[in-house]
Amino acid sequence: MQRRHLLGYGAAGVGALGLMLGVGWWRVDGPGAPQPAGQRPLPLSAMDFRLTDHEGNEVGPDTLIGRPTMVFFGFTYCPDVCPTTLSDISGWLEDLGDEAAQMNVVFITVDPERDTVEAMAEYVGYFHPAIRGWTGPANQVARVAEGFRASYERVPTEGGDYTMNHTAGVFLFDAKGELVTMIDYHEPREFAVPKIRRALTEDVEGAT
């Protein structure tokens, strides 16, 4: 399976084959999706992991503390949910305008076997420039997911290939590293953007 090349924010997810879309929905957003862990994510200050961003820099939870943060888990071979969500995030950031520069926005792979630094750099390049891609060793990705209480699993497909089930929501943290809320997959922009502004507002109020 070849990684789909995207032509812009609005083109993500549009050209996928119907079967791939159906399989992607069933495994990530439909009946085949992993169930939420049912636990609140740890504060970023309580997490401990080391990854690498798409520019080759070492990153960890300390990288995120000090500014509001959005985090989304996914993988570059994802047929539908990941490009759709990253396109949604790009639209939210456009709506925020200059305020977007005040945020960390991170896409963390759950498929480090295929998602190298180079692959992540190519993939996030199709979306808003504020979005950073993070990858790393499988054991470190597992530690990240554990801290966020995110779920993921490898699922074999025909022909010896595989796809990944994973949590599809976007995690929203304030500047102190505390969870503010989740933004659901397919959540309308008129609900998502006010949630993000809330995290930005809490950051301002906490600084006064």
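The structure is a predicted model, where local features need pLDDT of at least 70, side-chain atom pairs count only at pLDDT 80 or more, and totals for chains, interfaces and linings use all residues. Residues are numbered from 1 along each chain as its sequence is written, and side-chain values use heavy atoms, with hydrogens and water left out.

**The overall picture**

- The protein has six helices and nine strands; helices (H or I, at least four residues) and strands (E, at least two) are DSSP runs, numbered from the N terminus.
- Of the 208 residues in the protein, 51% are buried; buried means under 20% relative accessible area, exposed means over 50%, and partly exposed lies in between (1.4 Å probe, protein chains only).
- Among contacts with a separation of 6 or more, 71% are between residues 24 or more positions apart, where contact means heavy atoms within 4.5 Å.

**The seven-stranded sheet**

- Seven strands form an open sheet with mixed pairing, in the order E2-E1-E5-E4-E3-E8-E9; two strands pair if DSSP finds at least two bridges between them.
- At the edges are strand E2 (58-59) and strand E9 (179-183), each pairing on one side only.
- As background, strands of a sheet pair through backbone hydrogen bonds, either parallel or antiparallel.
- Strand E4 (residues 104-109) runs parallel to E5, and four bridges join the two. Val 106 stands opposite Arg 132 in E5.
- Strand E5 (residues 131-135) is itself mostly covered, with four of its five residues buried.

**Helices packed against the sheet**

- E4, helix H4 (residues 117-124) and E5 make a right-handed β-α-β unit; a crossover is right-handed if, with the strands pointing away from the viewer, the path from the first strand over the helix to the second runs clockwise.
- Helix H4 lies across E1, E4 and E5, and runs at about 160° to E5. Helix H5 (residues 138-148) also packs on the sheet, touching E1, strand E3 (69-74), E4 and strand E8 (170-173), and its direction makes about 125° with that of E3.
- For these angles, axes are lines fitted to C-alpha atoms, for helices over the stretch in contact, and angles run from 0 to 180 degrees between N-to-C directions.

**Two hairpins**

- The hairpin of E8 and E9 has five residues between the strands, and Gly 177 in this hairpin takes a positive phi near 90°.
- E8 and E9 run antiparallel with four bridges, and Met 182 in E9 is the bridge partner of Phe 171.
- Four of the five residues of E9 are buried. Thr 181 is in strand E9 and counts as buried at 18% relative accessibility.
- Leaving aside neighbours within four places in sequence, Thr 181 is in contact with Val 170, Phe 171, Leu 172, Lys 195 and Arg 198.
- The hairpin of E6 and E7 has five residues between the strands, and Gly 159 in this hairpin takes a positive phi near 80°.
- Strand E6 (residues 152-156) and E7 run antiparallel, joined by five bridges; Tyr 152 stands opposite His 166 in E7.

**The annotated binding site**

- An unreviewed UniProt entry carries the annotation "binding site" for Cys 78, Cys 82 and His 166. These three are spread over 89 residues of sequence, yet they cluster in space, with a largest C-alpha distance of 10.1 Å.
- UniProt positions are given in the numbering used here, feature names are shortened, and annotations may be inferred rather than shown by experiment.
- Cys 82 is in helix H3 (residues 81-96) and is buried, with a relative accessible area of 0%.
- Leaving aside neighbours within four places in sequence, Cys 82 is in contact with Phe 72, Gly 74, Phe 75, Tyr 123 and His 166.
- His 166 is in strand E7 (residues 162-166) and is buried too, with a relative accessible area of 1%.
- A polar atom of the His 166 side chain lies 3.1 Å from the backbone oxygen of Phe 73.

Notes: Polar contact = N/O pair within 3.5 Å; in protein donor to acceptor, adjacent residues only side chain to side chain.
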